[in-house]
Amino acid sequence: HFYIITFACISLSTIPFILKYKQSLTLAGNWYVIQQTITSSVSVYIQEVKPDMAGTLCTMSFILFIFFIFGVRRAIARLIPFVSIFILTLVLQTMNITVDLGIPESQQLPNQPFVALVPFFLCFYLVVVFMRTNSKAEKQIQGQKQMVEAKNKEITDSIHYSKRIQTALMPTEERVEKVIKRLKS
């Protein structure tokens, strides 16, 4: 568990950098999905397909976060591995089937609530970073939208002003007809 938790912490800590430097929510979200899939799969293997508090809390926060990032349709496709693991665990627990993979008891995490605090706070931190980044992006988009609208108004006003100048300088139809009549006679 030490190695998988270390992997999870390192990979989760790269997500704010992806958001800041790549500015790609999809890339950060996909990286989070990959990291969580690896972490959960290895954790379920180590726990010999028994649910534990840390895994459950981490999976719950993951599901919330994934829907938050990708929306309903795209999140469902990314949740298939977790639903499969959950169903397998549930079926094995319901049928009272134990899986002995030869993992020593000392390598398994105790089912204690405090173990769940690390993934909880990491997920909480990621949500805060996401919300800040999303807020900055929305403000930037709003500023750009206002700038485009101002430029559009400026261009439209300039076109209308040019039209008024052209209309003022061009002779009327009646004036052109009088000049043509005079030239013909």
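The model is predicted: local features need pLDDT of at least 70, side-chain atom pairs count only at pLDDT 80 or more, and totals for chains, interfaces and linings use all residues. Residues are numbered from 1 along each chain as its sequence is written, and side-chain values use heavy atoms, leaving out hydrogens and water.

**Overall**

The chain holds 6 helices and 0 strands. Its elements run α-α-α-α-α-α from the N terminus on. Helices (H or I, at least four residues) and strands (E, at least two) are DSSP runs, numbered from the N terminus. Of the 185 residues in the chain, 25% are buried. Buried means under 20% relative accessible area, exposed means over 50%, and partly exposed lies in between (1.4 Å probe, protein chains only). The accessible surface comes to about 13500 Å². Carbon and sulfur atoms own 67% of that surface. Areas come from the Shrake-Rupley method with a 1.4 Å probe; for residues, only the protein chains shown count as cover. Among contacts (heavy atoms within 4.5 Å) between residues at least 6 apart in sequence, 76% join residues at least 24 apart.

**Helix 4**

Helix 4 has 15 residues and reaches 21 Å from its first C-alpha to its last. That is close to the expected 21 Å at 1.5 Å a residue, where the expected span is 1.5 Å times one less than the number of residues. Phe-82, Ile-85, Thr-89 and Leu-92 are buried in helix 4. They sit on the same side of the helix because they cover an arc of only 105° around the axis. The arc is taken over the directions from the helix axis to the C-beta atoms. On the other side, Ile-80 and Thr-94 are exposed. Asn-96 follows helix 4 and has a positive phi, near 60°.

**Surface patch**

Val-83, Phe-86, Ile-87, Leu-90, Val-91, Met-95 and Ile-97 make a nonpolar surface patch of about 640 Å². Patch residues have over 30% relative accessible area and no salt bridge; like charges are joined within 9 Å, nonpolar side chains (Val, Leu, Ile, Met, Phe, Trp, Tyr) within 5 Å. A salt bridge is a side-chain nitrogen of Lys or Arg within 4 Å of a carboxyl oxygen of Asp or Glu.

**Two residues**

Ser-11 touches Trp-31 and Gln-35, not counting residues up to four places away in sequence.
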